[in-house]
Protein chains: 2
Amino acid sequence: MKKQMIMEKALELFAKNGFEATSIQQITEKCGISKGAFYLSFKSKDELILSIIDHFMSTIAAEIERAVNDDQHAGDLLYQYYFVFFRAYERHADFAKLFIKELSAMFNPELIERILVYHAHLTKVVFSIIERQFPQTNSKMRADLVFVIQGFVKNYGELFFIDHASVDLHELCTALVEKTEILARHAAIPVLAPEFFAMSVHERIAPTKEQLMEVLMRKINEIDDPILLESLELLTGHLRGAALSPAIIQGLLKNLSSSPHTKWTASLYQKYEVSQ
Amino acid sequence: MKKQMIMEKALELFAKNGFEATSIQQITEKCGISKGAFYLSFKSKDELILSIIDHFMSTIAAEIERAVNDDQHAGDLLYQYYFVFFRAYERHADFAKLFIKELSAMFNPELIERILVYHAHLTKVVFSIIERQFPQTNSKMRADLVFVIQGFVKNYGELFFIDHASVDLHELCTALVEKTEILARHAAIPVLAPEFFAMSVHERIAPTKEQLMEVLMRKINEIDDPILLESLELLTGHLRGAALSPAIIQGLLKNLSSSPHTKWTASLYQKYEVSQ
DNA sequence: TTGACACATGACTGATTAGTCATTAGTATA
DNA sequence: TATACTAATGACTAATCAGTCATGTGTCAA
């Protein structure tokens, strides 16, 4: 598909030269298409970057959710969290570079909001991992632990695009789990108040109707499977006012949850419903 | 001084709107000067950002060097490192924001080189702190510890520009020292090879003649004290070929070392000399 | 062959940018 | 007052950018 190709080539350029410094011209040249053709797929440069973020983050979020909820990994949750994250970084080094180095410096409010939604979701996941895997930890230390874990992901994630640093995924994750366990067991002086994440987690986790609509529309363009496609379209219609019964909605969400490509979308929809 | 004022106002705008998104126009308007006047002080936008980086980083590097070499803090080195860094962030939140969020996304090669020089210097300092304060630590873990410490500084540094997070400097540093100590004592699985930092530290620590000249020229414009000024000018002349005797040079460097504003410049000069 | 329609093009617009330079204002010296 | 010199101005240039749109072009069905 055209959109996919543009996103891939654009991502390469963004990673190499930066988002601001990459022009639509350069992207279309690299794709071998015209400028007009670009605007048939995306209505602006901002929509492009938003699509890229959504595509990768929803994939990563869905993978993490799956790994963390898999009973097979019950005693191993933190390792799984690190592993899925870093495996994604390894596979998509270009995205990792954009995500770690550039995104924090962007000022588009819509983009910031979107990233905060994903970040809030991941924060919640990490909290639940800590509660399950380190239940004996002092509750005052939990926010700190979450902060440290996210810091580890961010900092050690940079290794994947430093050329002279070749990383063994398993060793890296094992080492980070060890570090986290040690801190969970021994650290006693909290920096962050327990409610530090409260605002971001509770207020942001539910998307607005507009945000949800945008995600759905994007997924409709991304997805090929007819069942998933119709499910997405019906839910979009429901949001627009064509009321559906609760049983139908629940079934449609089950459809979406069954595929890794739409699992995150389903959970986002559910969070919206709950917030209403 | 005009330069100082431009740097301050520009830094405010950079922190608020980003470096790329801030135009010279905006800066001159905020300063109440004309566009031409800007170019009397700086020959380009890049020179401006470089001056800002140099100004703050050399100050911070000098403060850290002083604190770490002060015998009074011998058992307390890591705390001092964190403290000086975060105190600087607290005082100069605008710079902290620029430094943490934006600098990593910049692609100007000269700027990258400059930041790597400072980074290499700080890395060396952290290594020496670890050697002195945690001498019993497994030598294979040292690179990891350095990486973790720098990560702590970066991640917890972000707290200083999150509005709803008010931080007590002493508590923060105490907590981070505790975390670092715990990891130094118990962590046993290294991620980074001991030579991980080797390249950056050994190859980058000595500036090129041109870099050194630029720093000297910048300091000449910044400094008022006549003794320091003359010392800088004589050393610049020496670099240009007007040979001075070793005793004179050493004396001039002593002059520079006596002021926090030029201490880092002096050590940079010494590193250049050693590398010749 | 014709008409219809989506897909694709790239010259174009208007806005914005960093950086320049002829000109002017201000100030100190003679 | 006249001269010389520096500091400051802002209109200007040339380049680049995102985004548009009149003009094709290829591909169907009739």
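How do the residues of the surface near DNA strand C divide into nonpolar, polar and charged? The tour begins there, after a note on conventions.

This is a predicted model, in which local features need pLDDT of at least 70 and side-chain atom pairs count only at pLDDT 80 or more, while totals for chains, interfaces and linings use all residues. Residues are numbered from 1 along each chain as its sequence is written, and chains are lettered from A and ligands numbered from 1 in the order in which they are written.

**The DNA strands**

Select DNA strand C and display its surroundings: 14 residues, each near in the sense that its C-beta atom, placed from the backbone, lies within 6 Å of the strand. The closest are S34(A), G36(A) and A37(A), together with S23(B) and G36(B). Colouring by class shows five nonpolar, six polar and three charged residues; Ala, Val, Leu, Ile, Met, Phe, Trp, Tyr, Cys and Pro count as nonpolar, Asp, Glu, Lys and Arg as charged, and the others, Gly among them, as polar. The largest contribution to this surface, four residues, comes from α3(A). Helices here are DSSP runs of H or I with at least four residues, numbered from the N terminus.

Two or more residues each are given by α2 (24–31) and α3 of chain A and by α3 of chain B. On this surface α3(B) gives the most, with four residues. The division by class is five nonpolar, six polar and four charged.

**The contact between chains A and B**

Select both protein chains: 30 residues of chain B and 30 residues of chain A take part in the contact, where two residues are in contact if their C-beta atoms, placed from the backbone, lie within 7 Å. On the side of chain B, the elements that give two or more residues are α6 (93–102), α8 (142–157) and α9 (169–186). Of these, α9(B) gives the most, with nine residues. The chain B side comprises 15 nonpolar, eight polar and seven charged residues.

**The domains of chain A**

Now colour chain A by domain: domain 1 covers 2–43, domain 2 covers 51–204 and domain 3 covers 209–275. These bounds come from an automatic or database domain assignment. The C-alpha centres of domains 1 and 2 of chain A are 29 Å apart. Where these two domains touch, nine residues of domain 1 meet eight of domain 2. The domain 1 side has seven nonpolar, one polar and one charged residues.

**Two helix pairs in chain A**

Select α11 (209–222) and α12 (226–240) of chain A, whose axes come within 10 Å and cross at roughly 155°. The pair is therefore roughly antiparallel. Among the residues of α11(A) in this contact are L212(A), M213(A) and L216(A), and α12(A) contributes residues including L229(A), L232(A) and L235(A). The contact holds eight nonpolar, one polar and three charged residues.

Finish with α4 (45–69) and α14 (263–275) of chain A, which pack at about 85° with their axes 8 Å apart. This angle makes α4(A) roughly perpendicular to α14(A). Angles of 65 to 115 degrees count as roughly perpendicular, those over 145 as roughly antiparallel, those under 35 as roughly parallel and the rest as oblique. Axes are lines fitted to C-alpha atoms, for helices over the stretch in contact, and angles run from 0 to 180 degrees between N-to-C directions. Display S58(A), A61(A), A62(A) and E65(A) of α4(A), which meet K263(A), W264(A) and T265(A) of α14(A).
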